Number of protein chains: 2
Amino acid sequence: MRTSQFPLNTVKEIPADAVVVSHQLMLRAGLIRKLAAGLYTWLPLGLRILRKVEKITREEMEKVGGLEVLMPALQPAELWQETGRWEKYGPELARLKDRHDRDFCLGPTHEEIITDLARNELKSYKQLPVTYYQIQTKFRDEIRPRFGVMRSREFIMKDAYSFHLDQVSLQETYDAMYQAYTTIFNRFGLTFRAVVADSGSIGGAISHEFHVLADSGEDAIAFSTESAYAANIEKAEAIRPEGVRNLPTDELTLIDTPNQHSIEEISDFLSVPASQCLKTLIVKAEDDGLLALLLRGDYELNPIKAEKIAGIAVPLTFASDAEIIDACQCKPGSIGPIGLKIPIIADRSVMLLSDFVCGANQNDKHYAHVNWERDLPLPVHIEDLRTVVAGDPSPDGHGTLTIARGIEVGHIFQLGTKYSAAMKAGIINEAGKHQIMTMGCYGIGISRLVAAAIEQNNDERGIIWPTALAPFQVALCPMNMHKSDRLKEAAEQLYQDLLAAGIEVLFDDRKVRAGFMFSDMELIGIPHCIIIGDRGLDSQTVEYKARTSQDNEEVPLDNIISFLKEKLEA
Amino acid sequence: MRTSQFPLNTVKEIPADAVVVSHQLMLRAGLIRKLAAGLYTWLPLGLRILRKVEKITREEMEKVGGLEVLMPALQPAELWQETGRWEKYGPELARLKDRHDRDFCLGPTHEEIITDLARNELKSYKQLPVTYYQIQTKFRDEIRPRFGVMRSREFIMKDAYSFHLDQVSLQETYDAMYQAYTTIFNRFGLTFRAVVADSGSIGGAISHEFHVLADSGEDAIAFSTESAYAANIEKAEAIRPEGVRNLPTDELTLIDTPNQHSIEEISDFLSVPASQCLKTLIVKAEDDGLLALLLRGDYELNPIKAEKIAGIAVPLTFASDAEIIDACQCKPGSIGPIGLKIPIIADRSVMLLSDFVCGANQNDKHYAHVNWERDLPLPVHIEDLRTVVAGDPSPDGHGTLTIARGIEVGHIFQLGTKYSAAMKAGIINEAGKHQIMTMGCYGIGISRLVAAAIEQNNDERGIIWPTALAPFQVALCPMNMHKSDRLKEAAEQLYQDLLAAGIEVLFDDRKVRAGFMFSDMELIGIPHCIIIGDRGLDSQTVEYKARTSQDNEEVPLDNIISFLKEKLEA
C-alpha cells in the first residue's frame with residue numbers, strides 16, 4: 001500500500017479527553033475517531049489491525065472445531081425473561097421498543113440467543129459436543145464510557161458457546177479452548193496470563209480470565225512466584241494462616257478514643273500497628289439482615305468473596321450510619337465484636353490475633369489487649385473474606401504471591417446448566433431420555449485487544465506493534481524521492497519486490513521531509529523500517545531500523561528481502 | 001470440510017410463514033434461522049455464502065480505491081438533527097435513549113456519520129477525491145418484516161461514500177462505481193440490470209439501482225427492446241403520445257350512471273373501453289390544497305412522479321371522501337374536469353382523448369362524448385403522471401418498453417451537497433476558499449443479495465448456486481462408504497486431492513443413504529457433485545453430476561481434478 005492511496009490520519013495533539021496511553025495513541029495514530037461518548041469509528045489503519053485480531057482468532061476457533069454463526073444484535077426481551085436476566089441485568093443493558101411497542105435489547109452477550117438456537121437445532125446426543133462462535137458487534141450502555149475502545153458502548157467480541165452431554169465433555173472443550181486462547185494470545189505476540197476468575201453475571205462454577213499484562217491495567221492479578229498459580233485478585237484465595245496464636249500478655253482495657261474512627265486513626269492514636277487492630281464492618285444483606293464482618297486491620301474486604309458465602313442473601317451493601325446506630329446503639333467507628341448483637345463472620349486473618357484493639361460498642365471507646373477465648377469466643381463462622389496482598393502464601397502451597405496489573409481480554413466459563421435448564425434446552429440421550437445440555441462460553445474482546453496491545457507495547461514515540469498485529473510489517477521510506485529519478489525507480493522496484501515476497505509493506509510516497517515520515521511510521525508503530533536514499537544507492541545499500549531500536553543498520557539492497565524475512569520469522 | 005464436522009441443518013418441512021421461495025429454501029437448506037420477526041441468525045452454511053458476497057464486494061471496492069472503515073451502528077440524534085432527517089425519517093428509524101436519556105438511533109444508513117467524519121478529517125482539496133466504505137450491520141424497523149432476509153429488521157450492507165471538489169470528480173467516481181457494481185454482480189454470476197432510479201429519501205439528482213432479475217421481484221423494471229434504456233418503473237418516463245386528436249363525432253351527453261363509480265364499472269356499464277374514459281383522482285398536498293389529477297382510464301397513477309412536480313407541497317395523499325364531497329359537492333365516483341373548482345394537472349395520455357367519458361360532478365351522472373376545446377379547455381398543466389406499461393415507446397426513442405421484475409440489491413446516488421451543505425462539510429480549495437464538498441453514496445444489500453441470488457437460481461429440488469457464491473464448489477458423495485474399506489480409502493484420498501487442488505469441497509462422510517445425501521446436496525445447491533462408489537472403483541471411475549443437469553457422467557478417477565477445474569473455470 002502507498003500512503004498516497006492509503007492516507008494516514010496521524011495528528012500531533014494529545015486529545016484532551018484521552019487519559020490512557022492506548023486511547024491517546026489510537027487517536028494520534030489515526031486508528032479511531034470518536035463519534036460520541038463510547039462510540040468510535042475505526043479508520044482504515046485501525047481496521048487493518050482489528051481484522052488481524054479477528055483473523056487469528058477465527059483461525060484458532062476453526063482449529064478447535066468451532067462453527068461460525070452470526071446472530072442478531074437486536075434480541076427480543078422474551079428470551080431474557082426466560083433466564084430472568086431481563087430483570088437482573090442493570091442499566092448497562094441497552095433496551096428499546098420496536099414500533100409495535102415490543103421490548104428488545106442490544107445484546108451485550110448472546111447466551112439466551114444461542115441457547116434458543118441450540119434447543120431448536122440440537123435433538124440428539126449424537127450432535128454433541130458442538131461449539132458455535134461468532135465475531136460480532138456488542139453493546140453495553142456504560143455509565144461512564146472511557147479509555148477509548150477499552151470501555152466503549154459498542155465493541156466487537158468473539159463469543160463462543162459449547163453444548164455438551166455432560167461435565168466430562170464440557171471439561172474437554174473447556175481445556176481445548178483454554179489451549180486455543182493461549183495459542184491466540186501467543187500468536188498476537190503479547191505477554192499475558194490466564195488466571196482463575198470469578199464468573200460474575202455470566203454465571204457458572206469455573207472460569208478463567210486472560211489478561212494482557214500492562215501497568216495501566218484495570219485488574220489486579222495475583223501470581224505465585226514459584227508455581228503456575230494465577231488468579232484475579234477478586235478470586236485469589238487468602239489461605240488459613242499458619243502458626244499458633246500468642247498467649248495474652250496484658251489485661252483487657254477500655255480506652256477513650258475521642259474522634260478516632262478509622263483503623264488508621266486508631267493505629268496512630270494508640271501507636272499500635274494496623275495489623276494489631278480488628279476491623280469490624282457492618283453490611284446489609286438483600287433480606288435486610290445486618291452482618292458484622294471482622295478482618296485484621298491492615299487487610300481489605302473483598303466484597304466478591306463475601307457475597308459468595310453460602311446462605312448470604314446477595315447483594316451485600318454497607319449498612320448506613322443510621323442502620324448501624326439503630327442496631328448497635330453506637331456510631332460506626334467504635335463497633336467491635338464484644339457483646340455485639342448481630343451475627344459475625346470473621347476473616348481467617350483474625351484467628352491468630354492476640355492482644356488486639358477493637359471497638360468497644362460505645363461511642364469513642366475501644367478495647368485494647370483483646371484476646372480470643374479469654375474476652376470473647378473465637379468466631380464460629382470463619383471465611384476467606386479479604387483481598388490477598390503481595391507476600392501472601394500462594395494457595396497452591398508453592399511460593400508466595402506477587403501482584404501485577406492486567407487488562408482482561410478473554411474470559412472462559414463453565415456455565416453448566418444455568419441457561420440450558422432455565423430455557424429447557426435439552427436433547428435425547430443414549431438412553432432415550434430428555435436431558436438438559438451442559439454449556440460453556442468463551443469470549444475475547446476483539447476491539448479491546450487492540451487497545452490492550454498498545455498499553456503493553458508503546459514508548460514516547462508511539463505504538464510498537466508485535467509483527468502479527470502490525471497494520472503493515474514493513475515501512476519503506478524513501479528520502480527526498482521527488483528529487484531523484486534514480487531513487488524513485490529504485491524505491492519503486494524495492495516496493496514491488498517486497499510485495500512480490502509477500503511482505504505487507506507501506507510505501508511512504510508522500511512528498512514530506514524524512515523526519516516527518518519517520519515520526520509517522522514510529523507513531524503508527526510499524527515494526528520494521530527500510531530507509532532508501534540516493535547516497536545509499538551509490539553503494540547499493542539501504543538502512544534498516546527496527547521500531548524497538550534507536551540504531552540503523554546498513555543492509556545491501558540485494559540482501560534486504562531475505563534480511564527482512566528473517567526478522568519477520570524471528 | 002466434512003459433514004461430520006460441519007453439520008448440515010437441512011429440514012424437510014416448508015416453514016409456514018415463509019411465502020417466497022428464497023425464504024423457504026434458506027430455512028430448508030439451513031442457511032438461516034428466525035430469532036424473531038425480521039431477525040435471523042446466520043448458520044455456518046449461510047455465513048459461508050454471506051462471506052463470499054462480502055469478499056467479492058470488498059475486492060472490487062479496493063480496486064476503485066475505496067478505504068474501508070467501520071462506523072458505529074449506534075448514532076447520536078444530534079447529527080440527524082443537523083440534516084433534518086431525525087424529524088423526517090419515519091418509524092422505520094429504530095430510536096432509543098441511553099441511560100442518560102440522550103437520543104440515539106440504530107443506523108439504517110450512515111450519511112450523517114460519514115459526513116461528520118469527513119468534515120473533521122478532510123481539510124484540503126489535495127485530500128480529494130476520497131471514497132470510504134464499510135460492510136456493516138444496519139437496522140430498519142420495518143412495519144411488516146417479511147421474505148426472510150430480503151426485508152428484515154437487521155441486515156448487512158456495504159455502504160460507500162465519496163467526497164469531491166466538484167461534480168466532474170463526482171461523476172468520475174460515480175462512473176467507476178457503476179462499473180465496479182457491474183463487475184461485482186457479474187462476478188456473483190447473476191443476471192441483473194442497472195436501471196435509472198428515483199433517489200427516494202436518500203436524496204440527490206441522479207441515481208441508479210442494480211436489480212437481480214427474478215419473477216418474484218418486488219420491483220418492476222422497464223427495459224427498451226432495442227436499446228440500453230432501463231429504469232425502475234417508478235422512474236420510467238411515459239413520453240408525450242404521438243399523433244393528433246380525433247375530431248368529435250357526437251354531442252356531449254349527460255348520462256345516468258347509478259352506482260357506477262370505478263372506471264371498470266363505468267366502462268362495463270357503458271360498453272366503452274377503459275382507454276376511452278377519463279380518470280379523475282383528487283389528492284391532497286401537504287399544504288392541504290386539493291388537486292385533480294387526470295389520467296386515461298386504463299393507466300395507473302405513479303405517485304412518485306406526481307410528487308416530483310415542481311411547486312407541489314409533498315407528500316401527496318388521496319383526499320378522503322368527505323374532503324372530496326366538501327370541495328366538489330359530489331361523491332368521488334362521479335368527479336370530472338368539466339366545471340371542477342380545484343386545480344387540474346393532466347397526464348400526457350389524456351391529450352389525445354376524444355369522445356371520452358368522464359364524471360359529471362353530479363352524483364351518479366357521467367358525461368359521454370366529451371371533447372377538449374369544444375366542451376372544456378385542454379388542461380394547461382400537463383405532466384408525466386402515469387406508470388408505463390409494456391408496449392409504451394422507450395423514452396430514448398429506440399424500441400418499446402417491456403416490463404420485468406427485479407430485486408433491488410444495489411443503489412448508487414449522486415448526492416451533490418445535500419448532506420455536506422447541511423453539515424457544513426467543506427475543505428479549503430485551490431483558491432484558498434472554503435468550499436462545501438460534493439458527495440456520492442453507493443450501497444449493496446449484502447445479506448439481501450443471498451436471498452436474491454436464490455430467487456433467481458432455484459428449482460423444485462432446491463438452490464442452484466452460481467459457483468462464485470456456492471458455500472462449497474464441489475460435493476463429494478461416497479456411496480455406502482461405511483461398508484467398504486477400499487471405498488473409504490479412495491474417497492478419503494480423493495478428498496485430500498481435491499483440497500490440495502484448492503477446490504472447496506464438502507465431503508459427505510455421514511452414514512446416510514445415497515439418496516438422502518444427494519437430496520441434501522441438491523437442496524443446499526452445491527454446483528458440482530462427485531459420486532464415488534465401490535462399483536466405479538473397479539473401473540477406476542467416478543460419476544459427475546452438475547446441479548443443473550439430471551444426467552450423470554462417468555469420469556476416470558485420474559482425470560477428475562482437471563475435469564472439475566475446467567468446470568469451475570467455465
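The model is a predicted one, and the values given along the way are computed from it.

**The interface of chains A and B**

Begin by selecting chain A and chain B together and displaying the residues in contact, to which chain A contributes 49 residues and chain B likewise 49 residues. The area buried between the two chains is about 4,200 Å², and carbon and sulfur atoms account for 62% of that area. On the side of chain A, select Leu35(A), Leu70(A) and Arg99(A), which lose the most area to chain B and together make up 17% of what that side buries.

For one of them, select Arg51(A) and Glu68(B), whose side chains meet at 3.0 Å, N to O. Polar contacts between chain A and chain B involve 18 residue pairs, with both residues at pLDDT 80 or more.

**A helix pair in chain B**

Now select helix H1 (residues 21-28) and helix H11 (residues 446-456) of chain B, whose axes come within 8 Å and cross at roughly 105°, which means that H1(B) is roughly perpendicular to H11(B). To see the contact itself, show the side chains of Val21(B), Ser22(B), Leu25(B) and Met26(B) in H1(B), which meet Val450(B), Ala451(B), Ile454(B) and Glu455(B) in H11(B). The residues of this contact divide into six nonpolar, one polar and one charged.

**Backbone features in loops**

Most peptide bonds are trans, and most residues other than glycine have a negative phi; the last stops depart from these patterns. In chain A, go to Val314(A) and Pro315(A), which are joined by a cis peptide bond with omega of about 0°; Pro315(A) is placed in the loop between helix H8 (303-307) and strand S16 (317-318). In chain B, a cis peptide bond joins Leu128(B) and Pro129(B), with omega of about -5°, and Pro129(B) lies in the loop between helix H5 (111-121) and strand S7 (130-139).

Finish at Asn259(A), which is not a glycine and yet has a positive phi of about 60°. The loop holding Asn259(A) runs between strand S13 (253-256) and helix H7 (263-270) of chain A.

Note on methods: Residues numbered from 1 in each chain as written. Chains lettered and ligands numbered in written order. Predicted model: local features only at pLDDT ≥ 70, side-chain atom pairs only at ≥ 80, totals over all residues. Heavy atoms only, no water. Contact = heavy atoms within 4.5 Å. Buried area = accessible area lost by both parts, 1.4 Å probe. Salt bridge = Lys/Arg side-chain N within 4 Å of Asp/Glu carboxyl O. Polar contact = N/O pair within 3.5 Å; in protein donor to acceptor, adjacent residues only side chain to side chain. Axes fitted to C-alpha atoms, helices over the stretch in contact; angles between N-to-C directions. Helix = DSSP H or I, 4+ residues; strand = E, 2+ residues; numbered from the N terminus. Parallel < 35°, antiparallel > 145°, perpendicular 65-115°, else oblique. Nonpolar A, V, L, I, M, F, W, Y, C, P; charged D, E, K, R; others polar.
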